[in-house]
Amino acid sequence: QLHLVESGGGLVQPGGSLRLSCAASGFTFDSYAIGWFRQAPGKEREGVSCISSSGGSTIYADSVKGRFTISRDNAKNTVYLQMNSLKPEDTAVYYCAATLVRCPPGATDFGSWGQGTQVTVSS
């Protein structure tokens, strides 16, 4: 019954920008922290960012710190990931996920996942 849908992926040149959206339904959105993860072909899923239920706390992987910004609009049941200065190594399928734990390490405590959106950074 919990439903998350990612959108906003696409093809962009190195140095470009994209904004991903994660739209939620079927649960009390402002009770959940939301994380972004990504998975490139042949690689394990990697945590990218997470935002607390209120939006007051955020975390970022070192690989994206200073380039990506996570935010949320609880009135719209949506979390965003603004991605700037994109690099080819950012190419992956990006997933959002929900948890009642405040931005835990790893993916174990994220129980609801979207289907993902493809981000390709290439010249």
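These legends describe close-up views of a predicted model. Local features need pLDDT of at least 70, side-chain atom pairs count only at pLDDT 80 or more, and totals for chains, interfaces and linings use all residues. Residues are numbered from 1 along each chain as its sequence is written, and side-chain values use heavy atoms, leaving out hydrogens and water.

**View 1. Strand E8 is largely enclosed by the rest of the structure.** E8 covers residues 78-83. Strands (E, at least two residues) are DSSP runs, numbered from the N terminus. Five of its six residues are buried, meaning under 20% relative accessible area with a 1.4 Å probe, protein chains only.

View 2. E3 (residues 18-25) runs antiparallel to E8 over six bridges. Two strands pair if DSSP finds at least two bridges between them. Here Ala23 has Thr78 as its bridge partner. E7 (residues 68-73) also pairs with E8 in the antiparallel sense, over six bridges. In that pairing Phe68 stands opposite Met83. Four residues lie between the strands of the E7 and E8 hairpin. Asn77 takes a positive phi near 55° there.

**View 3. Arg67 is a buried loop residue.** Arg67 sits in the loop between E6 (58-60) and E7. Its relative accessibility is 11%, so Arg67 counts as buried. The Arg67 side chain has a polar atom 2.9 Å from the backbone oxygen of Ser63. The Arg67 side chain also reaches the backbone oxygen of Ser85 at 3.0 Å. Not counting residues up to four places away in sequence, Arg67 touches Gln82, Met83, Asn84, Ser85, Leu86, Lys87 and Asp90 (heavy atoms within 4.5 Å).

How values were computed:
Buried means under 20% relative accessible area, exposed over 50%, partly exposed in between (1.4 Å probe, protein chains only). A polar contact is a pair of N or O atoms within 3.5 Å; within protein, one must be able to donate a hydrogen and the other to accept it, and residues adjacent in sequence count only if both atoms are side-chain atoms.
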